[in-house]
Amino acid sequence: MMASSSLAWTPEVAERQRQPGLCTSVEAAFRDALIESLDGLPLCDRNLISFHYFHGLGADQLAEMFSTHRAAVVRRLGRIRERLLRDTGRGLAARLAPERSPALDRVLDVARSRLDVAIARVLRA
């Protein structure tokens, strides 16, 4: 399960935010932006993401847990994923220099296709 403390304020992320030039790795920038995006989610959405990606619960199990319909859970997970993609993209743009915009586009394309894996890795770290 996600830690109750703010994920965005780990010492490494806080240091990179104070000195953006230190974030030289696109991978590190992506991870930091994703952590910040996850931290920005409402608690209920973070719990849903955590139960789905960290604990491996499916839509049927989540629907039962949250006393709602399976379709509602699937739609909500989709909206959360879209928000994470949007917010992570913004965070990446803020971290990467403008001259690296082609790299940003490639990272976002990869992120879109592998967001589920990235979320699971961040939650398990």
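A: Happy to. This is a predicted model. Leaving aside residues up to four places away in sequence, serine 37 touches Leu84, Asp87 and Thr88.

Q: Where does serine 37 sit?

A: Serine 37 is part of helix 2, which covers residues 26–39.

Q: And is serine 37 buried or exposed?

A: Serine 37 is buried: its relative accessible area is 5%, and the cut-off for buried is under 20%.

Q: Which backbone atom lies 3.1 Å from a polar atom of the serine 37 side chain?

A: That's the backbone nitrogen of threonine 88.

Q: How many residues does helix 5 have, and how far does it reach?

A: Helix 5 runs over residues 70–95, so 26 residues at 1.5 Å a residue give an expected 38 Å. From first C-alpha to last, helix 5 reaches 37 Å, close to that value.

Q: What about helix 3, what span should it have?

A: Its twelve residues, 43–54, should span 16 Å at 1.5 Å a residue. The end C-alpha atoms of helix 3 are 15 Å apart, which agrees.

Q: Which residues are buried there, in helix 3?

A: Asp45, Leu48, Ile49, Ser50, Phe51 and Tyr53.

Q: What comes just after helix 3?

A: Glycine 56 is there, with a positive phi of about 75°. Glycine 58 lies in the loop between helix 3 and helix 4 (59–65).

Q: How far is glycine 58 from valine 73?

A: They are 15 residues apart in sequence, and their C-alpha atoms are 9.4 Å apart in space.

Q: Switching topic: what volume does the largest pocket have?

A: About 380 Å³. Of the 14 residues lining the largest pocket, Glu27, Phe30, Arg31, Ala118 and Arg121 are the closest to its centre.

Q: Which elements give two or more residues to that lining?

A: Helix 2 and helix 6 (101–124) do. The largest share, eight residues, comes from helix 6.

Q: And what kinds of residues make up the lining of the largest pocket?

A: Ten are nonpolar and four are charged, with no polar ones.

Note on methods. Residues numbered from 1 in each chain as written. Predicted model: local features only at pLDDT ≥ 70, side-chain atom pairs only at ≥ 80, totals over all residues. Heavy atoms only, no water. Helix = DSSP H or I, 4+ residues; strand = E, 2+ residues; numbered from the N terminus. Buried < 20%, exposed > 50% of the residue type's maximum accessible area, 1.4 Å probe, protein only. Polar contact = N/O pair within 3.5 Å; in protein donor to acceptor, adjacent residues only side chain to side chain. Contact = heavy atoms within 4.5 Å. 1 Å grid on protein atoms, 1.4 Å probe; cavity = no way out; pocket = protein on both sides within 12 Å on 5 of 7 lines; lining within 4 Å. Points joined across faces, edges and corners; volume = space filled by probe spheres on them. Nonpolar A, V, L, I, M, F, W, Y, C, P; charged D, E, K, R; others polar.
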